[in-house]
Amino acid sequence: MSWTMRLVTAALLLGLVMVITGDEDENNPCAQEALLDEDALVCQGLEVFYPELGNIGCKVVPDCNNYRQKITSWREPIVKFPGAVEGATYILVMVDPDAPSRAEPTQKFWRHWLVTDIEGADLKKGKIQGQELSAYQAPSPPPHSGFHHYQFFVYLQEGKVISLLPKENKTRGSWKMDIFLNRFHLGEPEASTQFMTQNYQDSPTLQAPRGGASKPKHKTRWR
């Protein structure tokens, strides 16, 4: 066989392997699916790491290895902002804008985590050490409530003393995030990201074939 024929044969085999691999990835429940473009607008410089999953920012929690159930019991993730300024202090906010369901988010925003006085040097390394105003609450979307966005925002604190009002401390749901931000004159977030997941009992592998209403299609609701 001539060198030309060998090269042609090799190219054809490589193309075949790529097609097969692409099909496998598309049907692989462990493939980390990226968020749609409109949801990816929130993904600005922040990294969120969970055990086994790695950086889940701007992705959908995979429907395999029981990840969608495991994430409901894991401890707080490692949150890194590589662009954090040493000497500055930051505020970390984690919310669910789809509570209790995507169709009727009557408890938007559900406050999952609120930490103030985080040193820039620590945030750069993923060490969330500061004043925890709301302890971390793991993502726990109710059954049949669709995919939920879990959003993380980092704000520059600039020496302000941040606190929650007594009525805000009574409940995590229906938190008026905009009012909170305006009260302390907090501007646009320095960094942000989000991921999506749904209740593990609603996973297509346990019910219907992948597709239809189980896929995240709607635009992000935030702020």
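This note goes through the sheets, the disulfides, the nonpolar cores and one tryptophan of a predicted model.

1. Basis of the values. Because the model is predicted, local features need pLDDT of at least 70 and side-chain atom pairs count only at pLDDT 80 or more, whereas totals for chains, interfaces and linings use all residues. Residues are numbered from 1 along each chain as its sequence is written, and side-chain values use heavy atoms, with hydrogens and water left out.

2. The five-stranded sheet. An open sheet of 5 strands, paired antiparallel, runs in the order β6-β5-β4-β7-β8; helices (H or I, at least four residues) and strands (E, at least two) are DSSP runs numbered from the N terminus, and two strands pair if DSSP finds at least two bridges between them. Its edges are β6 (131–134) and β8 (191–197), each of which pairs on one side only. Neighbouring strands of this sheet are turned against each other by 15 degrees on average, direction ignored, where the axes are lines fitted to C-alpha atoms (for helices over the stretch in contact) and angles run from 0 to 180 degrees between N-to-C directions. Within the sheet, the antiparallel strands β4 (residues 89–96) and β7 (residues 148–156) are joined by 6 bridges, and the bridge partner of Y90 in β7 is L156.

3. The three-stranded sheet. A further open sheet, also with antiparallel pairing, has 3 strands in the order β2-β1-β3, and its edge strands β2 and β3 each pair on one side only. Strand β1 is joined to β2 by 2 bridges and to β3 by 3 bridges. On the β2 side, F49 stands opposite N55 and Y50 has G54 as its bridge partner, while on the β3 side E47 stands opposite K80. The strands β1 and β2 form a hairpin with 3 residues between them, and E52 in the turn has a positive phi of about 70 degrees. The covered face of β1 holds V48 and Y50, and the uncovered one holds E47 and F49.

4. The disulfides. A search of the whole structure finds 2 disulfides, a disulfide being a pair of cysteine sulfur atoms within 2.5 Å. The bonded cysteines, counted along the chain, follow the pattern 1-4, 2-3. C30 is joined to C64 with an S to S distance of 1.9 Å, and this link is right-handed, with 105 degrees about the S-S bond. The pair ties together distant parts of the chain, 34 residues apart, with C30 in the loop between α1 (3–27) and α2 (37–40) and C64 in the loop between β2 (54–55) and α3. C30 is partly exposed, with a relative accessible area of 30%, whereas C64 counts as buried at 10% relative accessibility; buried means under 20% relative accessible area, exposed over 50% and partly exposed in between, with a 1.4 Å probe and protein chains only.

5. The second pair. The sulfur atoms of C43 and C58 are 2.4 Å apart in their disulfide, and the link is right-handed with 100 degrees about the S-S bond. C43 lies in the loop between α2 and β1 and C58 in the loop between β2 and α3, 15 residues apart. Both C43 and C58 are buried.

6. The nonpolar cores. A nonpolar core is a set of buried Ala, Val, Leu, Ile, Met, Phe, Trp, Tyr and Cys residues joined through side-chain atoms within 4.5 Å. The largest has 28 residues, and those with the most contacts inside it are Y50, L53, F81, L92, W113, F152 and F195. At least two residues of this core come from each of β1 (47–50), β4, β5 (110–119), β7 and β8. Another core, of 16 residues, lies apart from it and includes I91, F109, F153 and L181. Leaving aside neighbours within four places in sequence, F81 is in contact (heavy atoms within 4.5 Å) with residues including L46, Y90, L123, V154 and A191.

7. The position of W74. Where is W74 found? W74 is in the loop between α3 (67–70) and β3 (78–80), and it counts as buried because its relative accessibility is 14%. Beyond its neighbours within four places in sequence, W74 is in contact with Y50, P51, E52, L53, Y67, Y136 and A138. The C-alpha atoms of W74 and P139 are separated by 9.3 Å, although these residues are 65 residues apart along the chain.
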